[in-house]
Amino acid sequence: MNKRNRTKYTVLGMLALSDHTGYEIVKMIESSTNYFWSESEGQIYPALALCVKEKLATCKEETSQKIQRIKKIYSITTKGRNELSNWLKKEPQATLVRNELLLKLFFGKNMEAKDNLHHVIHSQKALEEEINTFLKIRKKLIHEYNQSPHLKYWLITLDFGLRTAKAQLTWCKETIKVLESE
């Protein structure tokens with residue numbers, strides 16, 4: 001299954017939450033799934049058009065009072081819910097990991113040790129910030145969506161990110177010790 005098809009399912013999943021404009025879907029992805037599954041704006045709009053073409057979603061136009069332009073609001077159809085449900089039941093494909101830090105460290109003997117150390121320390125700081133962000137998101141989700149039937153699933157995916165970041169942070173600390181001992 002190619003990325004384009006999975007973009008379609010990302011869009012359908014967002015529409016299953018509620019009706020949205022393309023812009024709202026982009027913003028929702030940026031603040032939620034983007035931490036583990038990214039989609040660009042350039043992927044979302046063609047996927048929305050495809051969903052409408054395949055009758056997985058509908059599109060209605062409304063005139064926006066604020067900015068005097070037409071807003072396209074998308075809704076998932078029954079066919080779209082069935083398509084999403086069928087995809088959700090399929091086994092997920094393995095994800096190819098692309099980590100530039102690891103690639104640079106793999107070839108690390110070709111540069112000075114201090115540069116390798118710098119990369120890992122920089123990664124450590126970024127992970128610490130990411131963990132703080134995840135904790136803030138968790139608190140906000142629990143506060144704002146404590147009655148939502150989606151909350152436990154959002155927290156499950158957030159917990160994966162939090163645990164992964166903590167494991168990577170541990171790896172950074174141990175790697176720094178190894179690099180400093182050179």
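Q: Why is Ser-64 called buried?
A: Ser-64 has a relative accessible area of 11%. Buried means under 20% relative accessible area, exposed means over 50%, and partly exposed covers what is in between (1.4 Å probe, protein chains only). Ser-64 is therefore buried. The model is a predicted one, in which local features need pLDDT of at least 70, side-chain atom pairs count only at pLDDT 80 or more, and totals for chains, interfaces and linings use all residues. Residues are numbered from 1 along each chain as its sequence is written, and side-chain values use heavy atoms, with hydrogens and water left out.

Q: Where is Ser-64 found, and which residues does Ser-64 touch, not counting those up to four places away in sequence?
A: Ser-64 belongs to strand 1, which spans 57–64. Strands (E, at least two residues) and helices (H or I, at least four) are DSSP runs, numbered from the N terminus. Beyond residues up to four places away in sequence, Ser-64 touches Arg-69 and Lys-71. Contact means heavy atoms within 4.5 Å.

Q: What makes the second largest pocket a pocket, and which residues lie nearest its centre?
A: The search uses a 1 Å grid over the protein atoms alone: a cavity is a set of points where a 1.4 Å probe fits but cannot get out, while a pocket is an open set with protein on both sides within 12 Å along at least five of seven lines. Lining residues have an atom within 4 Å of a point. Twelve residues line the second largest pocket, and Thr-21, Tyr-23, Arg-69, Lys-71 and Lys-72 lie nearest its centre. Strand 2 (69–76) and helix 2 each supply at least two residues of this lining, and the largest share, five residues, comes from strand 2.

Q: How is the volume of the second largest pocket defined, and what is its value?
A: Grid points are joined across faces, edges and corners, and the volume is the space filled by probe spheres set on the points. For the second largest pocket this gives about 260 Å³.

Q: What makes Glu-54 and Lys-8 a salt bridge?
A: A salt bridge is a side-chain nitrogen of Lys or Arg within 4 Å of a carboxyl oxygen of Asp or Glu. The side chains of Glu-54 and Lys-8 meet at 3.1 Å, N to O, and form a salt bridge. Glu-54 is in the loop between helix 3 and strand 1, and Lys-8 is in helix 1 (residues 3–17), so the pair ties together parts that are 46 residues apart in sequence. Lys-8 counts as buried at 7% relative accessibility, whereas Glu-54, at 29%, counts as partly exposed. Lys-8, Glu-54 and Glu-83 are linked in a network of salt bridges.

Q: How many salt bridges does a search of the whole structure find?
A: The search finds seven salt bridges. Among them is the pair Glu-100 and Lys-104, with an N to O distance of 3.5 Å. Both residues lie in helix 5, four residues apart, about one turn of the helix. Glu-100 is exposed, with a relative accessible area of 56%, and Lys-104 counts as partly exposed at 36%. Lys-114 also forms a salt bridge, with Asp-115, the closest N and O atoms being 3.5 Å apart.

Q: Why is Asn-116 called buried?
A: Asn-116 has 5% relative accessibility and therefore counts as buried. Asn-116 lies in helix 6 (residues 113–144). Leaving out residues up to four places away in sequence, Asn-116 touches Lys-104, Leu-105, Gly-108, Met-111 and Leu-179.

Q: Why does Phe-106 count as exposed?
A: Phe-106 has 67% relative accessibility, so Phe-106 counts as exposed. Phe-106 is found in helix 5 (residues 100–106).
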